[in-house]
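Colleague: I am new to this structure and would like to learn how to read its features one at a time. Could you take me through them slowly?

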Amino acid sequence: MGPIANIRLMLRITRAASIARRYFVVNGFDGALTMLGLNMGFYVSRMQDIQTAITACLGTAIALAMSGLSSAYVSEAAEKRRELASLERAMMTSLSESTHARAARIVPWLIAGVNGFAPFFMALVIILPLWFAHWGIALPMDPFVASIAVSFVVIFMLGVFLGRVSGISWFFSGLKTLAVAALTALLIWSFRI
């Protein structure tokens with residue numbers, strides 16, 4: 001059995017695919033909304049230093065990734081060990097050399113990777129306009145406005161993904177997540193000093 005088929009098997013026997021999907025959306029949404037908040041803050045405070053903004057966004061993205069990796073690994077490893085122990089008790093035998101045991105060891109790392117990668121990836125996509133401005137690539141709008149616009153697109157697409165997964169209207173689902181982004185931006189705009 002190849003490595004991809006082996007991973008699919010482990011995800012299936014642990015029923016972890018839906019958990020990984022949820023973590024991807026939840027932490028991806030956190031990453032996108034956090035970047036929206038940072039860029040709105042930079043924009044309303046009339047920040048001009050692109051390098052400082054990039055550094056702040058990258059620092060935040062790394063912190064979100066590390067938080068996602070560590071929190072998901074700790075919680076999922078504990079859950080998978082508990083599930084394996086329960087299965088061993090039910091079968092009255094050790095499963096230490098089984099696929100179930102391998103899955104209990106490997107699946108928490110897979111889920112942690114998804115949980116950490118999602119916000120980091122979303123952040124990198126959202127701050128692309130800042131990188132472009134830093135590299136001297138002309139943009140048709142202010143780089144912070146462009147990053148804010150990319151945030152809205154990413155957040156809408158996460159809603160579309162959720163709509164497709166749940167079998168409801170992808171457009172309506174995208175609009176719901178977009179409404180959260182718009183409310184966030186409006187609150188930041190309202191509390192500017």
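Colleague: In which helix is the place of Leu 11?

Modeller: A helix here is a DSSP run of H or I of at least four residues, while a strand is a run of E of at least two, and both are numbered from the N terminus. By that reading, Leu 11 has its place in helix α1, which covers residues 3–13. This is a predicted model, in which local features need pLDDT of at least 70 and side-chain atom pairs count only at pLDDT 80 or more, whereas totals for chains, interfaces and linings use all residues. Residues are numbered from 1 along each chain as its sequence is written, and side-chain values use heavy atoms, with hydrogens and water left out.

Colleague: Which residues is Leu 11 in contact with, leaving aside its neighbours within four places in sequence?

Modeller: Contact means heavy atoms within 4.5 Å. With those neighbours within four places set aside, Leu 11 is in contact with Ala 16, Ala 17, Val 107 and Leu 110.

Colleague: Is Ile 19 buried or exposed?

Modeller: Buried means under 20% relative accessible area, exposed means over 50%, and partly exposed is in between, with a 1.4 Å probe and protein chains only. Ile 19, which lies in helix α2, is buried because its relative accessible area is 17%. Apart from neighbours within four places in sequence, Ile 19 is in contact with Glu 76, Lys 80 and Ile 111, and its C-alpha is 9.9 Å from that of Val 114, 95 residues away in sequence.

Colleague: What span should helix α2 have, and how far apart are its end C-alpha atoms?

Modeller: The expected span of a helix is 1.5 Å times one less than its number of residues. Helix α2 (residues 17–44) has 28 residues and should span 40 Å, and its end C-alpha atoms are 40 Å apart, which agrees. After α2 comes Arg 46, with a positive phi near 60°.

Colleague: Which residue caps the N-terminal end of α6?

Modeller: A polar contact is a pair of N or O atoms within 3.5 Å; within protein, one must be able to donate a hydrogen and the other to accept it, and residues adjacent in sequence count only if both atoms are side-chain atoms. The cap is Asp 142, with a side-chain oxygen 2.8 Å from the backbone nitrogen of Phe 144. The 24 residues of α6 (residues 143–166) should span 34 Å, and the end C-alpha atoms are 35 Å apart, which agrees. Gly 167 follows α6 and has a positive phi, near 80°.

Colleague: Is Leu 186 buried or exposed?

Modeller: Leu 186, in helix α7 (residues 170–190), is exposed, with a relative accessible area of 52%.

Colleague: How many helices and strands are there in the protein chain?

Modeller: The protein chain has seven helices and zero strands, and 36% of its 193 residues count as buried.
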